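Come along and look with me.

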Amino acid sequence: MAKNSKGIEVAEILQDKCIACQICIGECPVGAIDLSPEGLALVDPELCIGCGKCQESCPVEAVKFERAGKKELSREDRGMPSEGVPGYEGVAVFIEVQDGEGVQVSWELMGKARELAEKLSTRVLGFLLGEGVDHIAREAFAHGCDEVHVSEHEVLASYRSAPYGHALTRLCERVKPEILLMGATHQGRDLAGVVATHLKTGLTADCTGLTIEDRTRLLLMTRPTFGGNIMATIYCEHRRPQMSTVRPMVMKLPERTPGREGRKVFHEWAPPPVELPHIVEFMGDALEGGMDIVQSAALVVAGRGACDPEAFHLLQELAEVVGGTLACSRPVVEAGLLPYERQVGQTGKTVAPKLYIAVGVSGAIQHLVAIQGAEKIVAINPDPNAPIFKVADVGIVGDYARVIPEFINQLKNRMGA
Amino acid sequence: MHSVCCIKQVPDTAEVRIDPDTNTLVRAGVESISNPYDIVALEEAVSLKDRYGGRVTALCMGPPQAEHSLREALSLGADRVILLSDRAFAGADTLATSYTLSKAMEKLAKEHPIDLVFCGKQAIDGDTAQTGPGIATRLDCTQFTYVLKVDWVDLQKRQIQVTRKREGGREVIRGPLPALLTAELELAVPRRAPLPLLISSLQAQVEAWDAKILEASLNELGIKGSPTWVRAITSPPAREGGPAFDVSREGEAQAVSMALDTLMDEKGFLSKLLKRWEA
């Protein structure tokens with residue numbers, strides 16, 4: 001136990017555990033903690049008064065501090081039982097609309113919301129904005145929603161940040177959900193930041209895991225951070241709603257129950273009297289004869305090791321045999337061989353196909369975080385130590401140019417072709 | 001035209017990982033860099049200055065060593081740089097961060113009204129993409145995220161038109177100034193710092209603002225102003241891998257055959273494949 005010259009037990013930062021979040025620096029009442037030249041927290045023992053605040057606030061138990069007579073608080077104890085924030089109830093999903101229909105990620109979230117709501121013994125809410133969209137409520141009910149709250153207005157006919165932000169904020173203020181989930185699409189991320197700021201509440205992006213903590217009834221939101229190298233579990237104790245965005249294909253699409261009924265509530269809404277942006281033109285992505293890689297049940301994915309235009313005929317042929325689509329990892333996009341729309345990974349798309357064939361993909365963590373939902377992963381790579389083999393259900397160590405023709409032949413035989 | 005660009009200093013995330021044996025964060029040798037999306041945003045701000053005249057101010061919130069990112073901004077053409085640094089800012093989530101940055105911009109705007117605010121679409125360490133929309137909301141300016149191109153700015157009519165990414169394609173959208181833009185990598189190609197600017201950037205005095213100068217409410221800053229907290233930090237879940245068959249040992253035909261046997265082991269795999277995965 002470290003004591004300073006005044007005989008006070010002082011805190012010590014374990015340098016190998018500190019993540020430099022600086023929370024303790026902000027918490028220390030006497031300014032005894034600073035960042036070291038290595039960028040980690042460092043306690044000045046002569047300034048430390050031994051209050052233990054840094055230890056209580058440290059998210060990773062990097063503060064070593066033993067004070068006589070004081071029982072060390074466990075992490076559980078510190079997460080003080082929460083009575084929740086009174087007056088807020090229900091798990092809400094923002095239903096994103098595209099071409100007059102709810103997008104799939106909204107239904108995936110509806111399934112997750114159902115699960116969370118059952119744990120909390122509350123109801124599932126759908127928030128729906130647009131013009132002439134109330135028919136979508138039926139789909140929401142079929143996917144497990146109990147109540148759909150709708151605001152319709154011509155200004156909401158196409159998405160713009162300001163009016164949507166205003167309208168969704170109003171719905172939250174009227175309906176007061178304890179949780180609000182949104183798809184981590186371009187629109188969802190654009191909108192979530194606006195609404196969370198209006199409501200001054202916490203927002204956690206790109207969550208891959210959502211659960212309710214039994215004792216506190218808090219939403220625990222787990223997300224990849226530091227480029228996917230680390231998972232952080234986040235919570236929001238004092239503000240409501242607890243907001244979270246989730247990427248498409250991360251949560252499982254719930255089974256649809258046609259004819260399931262629910263309640264539809266309309267809310268009057270008028271746009272704020274300010275000049276709004278005007279959408280001049282929309283240009284759809286040409287998918288170049290292929291389909292959206294997120295929707296494809298099978299993917300053949302070219303990585304750095306197959307970054308060769310010559311290879312693409314072979315990969316395309318394999319994709320056709322398995323009924324799939326050609327996708328790629330980042331180096332292939334950077335080399336200009338395939339468009340960004342085909343990129344799987346942290347900076348590309350998250351996918352969850354039935355079959356995922358990685359060709360020359362080494363398996364960097366940024367790639368692996370985006371394929372966790374894949375059912376079967378097949379890896380073909382000449383390097384037996386490539387990290388992709390650690391996650392692949394089946395691997396073939398070898399040169400793809402020789403392996404794939406053989407693979408196609410044998411597969412065709414087995415398929416009876 | 002006055003543009004303000006927000007820059008974040010981030011660890012080079014490719015190198016951050018958890019040691020699987022000790023379950024601790026490995027940081028040794030991890031360098032700090034300027035968030036690449038922010039540098040693209042800065043480049044666009046500087047090239048618009050070249051086109052329409054005016055000034056570019058770069059802001060960075062962080063510990064004192066974050067001034068390196070601001071020196072980089074000077075070398076790339078920013079006219080003025082300000083470091084927002086205070087113990088009270090530490091531990092901020094995106095809500096508190098957007099508060100701090102918008103307070104700085106309110107103060108800047110008193111000297112020179114702001115026409116455009118630039119941010120990267122997201123930072124590579126947190127990947128949240130939340131700070132930009134937070135600032136736009138607080139400053140009540142037009143919000144354009146995922147911007148691919150600035151088509152034009154009309155300072156007389158106080159309008160801007162951009163091309164931005166959205167689901168399924170791109171949209172051309174125009175709206176009133178002031179506006180906040182978040183940059184996709186395609187927005188601009190950062191220039192190399194010219195030698196004279198590089199040298200003067202190293203000698204420049206970096207202005208620093210603290211909570212007091214910002215006249216910020218202490219309850220909205222840093223950890224106090226942050227509704228989200230970290231409960232735990234872990235390694236990503238590992239997926240259980242299966243066997244790998246080596247062509248150099250088995251030969252192509254045998255390796256492929258064994259691999260396919262493993263795949264077909266799962267009941268229904270072949271029939272799903274034959275039905276082209278339709279349920």
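Predicted model: local features only at pLDDT ≥ 70, side-chain atom pairs only at ≥ 80, totals over all residues.

Next I wanted the neighbours of β22(A). Which strand of chain A pairs with β22(A) in the parallel sense? I found strand β21 (residues 376-381) of chain A, joined over 4 bridges. Here I396(A) is the bridge partner of I380(A).

I then followed β22(A) across to chain B. Strand β15 (residues 244-246) of chain B runs parallel to β22(A), and 3 bridges join them. In β15(B), D246(B) is the bridge partner of V397(A).

I checked for another pairing between the chains. Strand β17 (residues 278-284) of chain A pairs with strand β11 (residues 169-176) of chain B in the antiparallel sense, over 6 bridges. I noted R174(B) as the bridge partner of H278(A).

How many residues of chain B are in contact with chain A? I read off 80, which meet 90 residues of chain A. Helix α8 (residues 252-264) of chain B gives the largest share of chain B's side, 10 residues. That side of chain B divides into 37 nonpolar, 25 polar and 18 charged residues.

Last, I looked at the layout of chain B. It is divided into domain 1 (2-220) and domain 2 (242-279). I noted 49 Å between the centres of these two domains of chain B, taken over C-alpha atoms.

Key: Residues numbered from 1 in each chain as written. Chains lettered and ligands numbered in written order. Domains from an automatic or database assignment. Contact = placed C-beta atoms within 7 Å. Helix = DSSP H or I, 4+ residues; strand = E, 2+ residues; numbered from the N terminus. Nonpolar A, V, L, I, M, F, W, Y, C, P; charged D, E, K, R; others polar. Pairing = 2+ DSSP bridges.
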